[in-house]
Amino acid sequence: MSLNLIERILKLKEEKNALIMAHNYQIPEVQEIADVVGDSYMLAKYAQSTDKDCIIFCGVHFMAESAKILNPSKKVILANPDAGCPMADMVEPAALSEFKKKYPGVPVVAYVNTSAEVKALSDLCCTSSNAVSLIKAMKEDKIIFLPDRNLGRFVAQQIPEKEVILWDGFCITHERIEEEDVIKAIEAHPESKVLMHPECNPAVWKYADYMGSTAQIIDYAAHSEDQSFIIGTEAGILHSLKKVAPEKTFHLLSGCLVCQNMKKTTLADVEKALNGGVPEIVMEEDLRQRAEGALLRMLNPNG
């Protein structure tokens, strides 16, 4: 890691009155220079209240887009514009419009891992940390959930009194995990508790001692009396886990749990973004306002 590069980034950050935000799945060097590190929900909530002039987002496109939706007057820049989300790309606005016609009057709950255009066609956004509580509180007994079929099935399992109509999307990283991977990990580390993200295939859920979002997994591991854990989510979380519980042991469930898009952002990208070498996120105000409604109903459910 280049100390000079880090020093330049920190200097530029002050000059630009910028906030550097990073997802837990980012590479360790990027997490270390960020002002705030968290999961999708925490980052969206934090972005809503920042007083900085500029937000440099180290994550994937839908995250930076969400920050812009919530902060229309601020400059929002995705540090690496090539960092996308294959799951978000699995639902297109036109296809969603047609899908909604099959279920007139049924509200659409969109995982935050979606484009602004899809959020604009949705009634409510959610993240893996609050999907169950938000949907449980809805008055409707039937909802459309998209795009992640696995998280949708997890929600349906937790709230059997509601009918959850699923979109056929998934996270290509979490979907890779198979039963054989979990069995091998447990055999190698029999003393470890298995912590798993609900984006994983339902076929492997039965092996989990705990299932939750990125933030919930970190919180569980930090406060658990257990000392060793098998982690069933993206590899970047290990950096955060080791920071909050350095005395504990963490084993990644499988080496395939690496999101290539989350790993695209480098310190050089952050410096380039701060120097104005990366275009900011822009969107039409009408689209922004329509997408904002679903996000605000997630962030302020009682507001």
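How many residues apart are Glu180 and Lys184 in helix 9 (residues 179–188), and about how many helical turns separate them? They are four residues apart, so about one helical turn lies between them. An α-helix has 3.6 residues a turn, so residues three or four places apart point the same way.

This report describes a predicted model, in which local features need pLDDT of at least 70 and side-chain atom pairs count only at pLDDT 80 or more, while totals for chains, interfaces and linings use all residues. Residues are numbered from 1 along each chain as its sequence is written, and side-chain values use heavy atoms, with hydrogens and water left out. Helices (H or I, at least four residues) and strands (E, at least two) are DSSP runs, numbered from the N terminus.

**Salt bridges**

Side chains of opposite charge can pair when their charged atoms come close. A salt bridge is defined here as a side-chain nitrogen of Lys or Arg within 4 Å of a carboxyl oxygen of Asp or Glu. By this rule the model has 15 salt bridges.

| Pair | N to O distance |
|---|---|
| Arg8 and Glu271 | 2.5 Å |
| Glu180 and Lys184 | 3.3 Å |
| Glu163 and Lys142 | 3.8 Å |

The salt bridge of Arg8 and Glu271 links distant parts of the chain, with Arg8 in helix 1 (residues 3–16) and Glu271 in helix 12 (residues 267–274), 263 residues apart. To describe such residues further, relative accessible area is used: buried means under 20%, exposed over 50%, and partly exposed in between (1.4 Å probe, protein chains only). Arg8 is partly exposed, at 40%, whereas Glu271 is buried, at 14%.

In the salt bridge of Glu163 and Lys142, distant parts of the chain are again linked: Glu163 belongs to strand 8 (residues 163–166) and Lys142 to strand 7 (residues 142–146), 21 residues apart. Glu163 is partly exposed, with a relative accessible area of 42%, and Lys142 is partly exposed at 30%.

Glu180, which pairs with Lys184, is partly exposed at 48% relative accessibility. Elsewhere, salt bridges that share partners join Arg149, Asp168 and Glu175 into one network.

**Nonpolar cores**

In soluble globular proteins, nonpolar side chains tend to be buried together. A nonpolar core is a set of buried Ala, Val, Leu, Ile, Met, Phe, Trp, Tyr and Cys residues joined through side-chain atoms within 4.5 Å. The largest such core has 74 residues, of which Phe57, Phe145 and Ile231 touch the most other members. Apart from it lies another core, of 21 residues, including Leu5, Ile6, Ala22 and Ala273.

Contact means heavy atoms within 4.5 Å. When neighbours within four places in sequence are left aside, the contacts of Phe145 include Val109, Tyr111, Cys126, Ile135, Leu151 and Trp167.

**Helices and their surroundings**

In helix 12, six of the eight residues are buried, and the helix is mostly covered. Its buried residues are Leu267, Asp269, Val270, Glu271, Ala273 and Leu274. Just after helix 12, Gly276 takes a positive phi of about 85°.

Helix 10 (residues 214–223) has Thr214, Ile217, Ile218 and Ala221 as its buried residues. Seen down the axis of helix 10, these fall within an arc of 100° (taken from the directions from the helix axis to the C-beta atoms), so they line one face of the helix. Their cover includes strand 1 (18–23), strand 11 (228–232) and helix 11 (237–244).

Helix 4 (residues 61–70) and helix 13 (residues 285–299) pack at an angle of about 95°, with their axes 9 Å apart. Axes are lines fitted to C-alpha atoms, for helices over the stretch in contact, and angles run from 0 to 180 degrees between N-to-C directions. Helix 4 is therefore roughly perpendicular to helix 13 (65 to 115 degrees). Among the residues making the contact are Ser66 and Ile69 of helix 4, and Ala291 and Glu292 of helix 13. Glu292 is buried, at 18% relative accessibility.

**Backbone features**

Most residues other than glycine have a negative phi, and most peptide bonds are trans. Asn17 has a positive phi of about 50° although it is not a glycine. Asn17 lies in the loop between helix 1 and strand 1 and is partly exposed, at 26% relative accessibility. A cis peptide bond, with omega about -5°, joins Leu146 and Pro147. Pro147 is located in the loop between strand 7 and helix 8 (149–158).

Key. Angles under 35 degrees count as roughly parallel, over 145 as roughly antiparallel, 65 to 115 as roughly perpendicular and the rest as oblique.
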